[in-house]
Amino acid sequence: MIGLGISARTGCKIVLFGIACVFAFFTHVSGAAAESVGQSVLEAKLGKFGVFTKMNADGLISVKLLYGEKDISQDKDAMYREVSFDELASNFPLENMETLKINLYTGGANCCQGYYLIAEGKGPHGAGHYAAYIEPYDGGLALNIEPSGYAAMDASFKGYQIEGTDVFLSRAESSRCSRLLVFENGKWRTDRIGEFPAYYRGMASESRDSGLNPLYNAIALGYYSLMEGNSPESVKQLLQKEMPKEFASKPEIVNRILADIEKASKEFNPVKNLDISK
């Protein structure tokens, strides 16, 4: 079985990786099928899920996700420049479960990537079908991140600025903060403050050597320190220590950044779990 992607730039299939047999009833989708404008093509099947794509005359791609005969697609009018499928993840996120990540790229230098996550469980724990959607956003989703499996990227501080102050970070000198996704009770969610302290200690250590703007590095340190489970007061002290002096000496800036870190850490959740009930 081969994993396939579709590119609107070429209108052709892209072979992404070789994997063992994954889907129930197809082994190859021809390039000719991908190039057929207006034709709906079955790209993948996992259990009761079926993923169909259709390319329009401009080379843009629509995606339909079915659960049995129920259309559970999100943003049904959305068009993508590229659609690709990751290798099937076995025994993930639970034993005897298989999960497929479908990548939806809207185009542009920095934006945006969206996803479907579909899974089938056959074991005593997690038996059934599960689906989630991540609307295209200025972030991303990485696989095989320990300890939870997926990491979503929070872009709250990429290009960050505070109006009326000198706090301004260009997109080139700032980045996105990593957050873990957790599969719990049949649904995906963003991890909670203090849930994975060791992971965020490691992320804090990496952020010190990011090579990005020192102010961004300080913000990332504060973000990861809070996610590690440290108190807001200790995070504030960390910001005052790590931020450039022209910002650290201004309490109103320190307090505003701390408030924005707290807000982002609590509110960031790009995942929408889909209802597949009949």
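## The site of G211

G211 is located in the loop that links α2 (197-207) and α3 (214-228). In this predicted model, G211 has a relative accessible area of 71% and is therefore classed as exposed, the threshold for that class being over 50%.

E173 and G211 are separated by 38 residues along the chain, while their C-alpha atoms lie 8.4 Å apart in space.

## The α3 and α4 pair

The handedness of the crossing of α3 and α4 is right-handed.

On the α3 side, the contact is formed by P214, A218, I219, L221, G222, S225 and L226. The residues contributed by α4 are P232, V235, L238, L239 and E242.

## Strand β5 and its partners

Strand β5 spans residues 61-67 and is mostly covered, with six of its seven residues buried. Strand β5 is joined to two strands, β4 and β6.

Strand β4 (residues 49-55) runs antiparallel to β5, and seven bridges join the two. Within this pairing, K54 is placed opposite S62 of β5. The two strands form a hairpin in which five residues lie between β4 and β5. The turn of this hairpin includes G59, whose phi is positive at about 85°.

Strand β6 (residues 70-71) is also antiparallel to β5, with two bridges between them. Here Y67 stands opposite K70 of β6. β5 and β6 likewise form a hairpin, with two residues between the strands. G68, in the turn, has a positive phi of about 65°.

## The chain as a whole

The protein chain contains six helices and 16 strands. Of its 278 residues, 51% count as buried. The accessible surface of the chain comes to about 13100 Å², and carbon and sulfur atoms account for 49% of that area.

Among contacts in the protein chain with a separation of 6 or more, 49% are made by residues 24 or more positions apart.

Terms used:
Residues are numbered from 1 along each chain as its sequence is written. This is a predicted model: local features need pLDDT of at least 70, side-chain atom pairs count only at pLDDT 80 or more; totals for chains, interfaces and linings use all residues. Side-chain values use heavy atoms; hydrogens and water are left out. Buried means under 20% relative accessible area, exposed over 50%, partly exposed in between (1.4 Å probe, protein chains only). Helices (H or I, at least four residues) and strands (E, at least two) are DSSP runs, numbered from the N terminus. Two strands pair if DSSP finds at least two bridges between them. Contact means heavy atoms within 4.5 Å. Accessible areas come from the Shrake-Rupley method with a 1.4 Å probe; for residues, only the protein chains shown count as cover. A crossing is left-handed if the near helix is turned anticlockwise from the far one by less than a right angle, and right-handed if clockwise.
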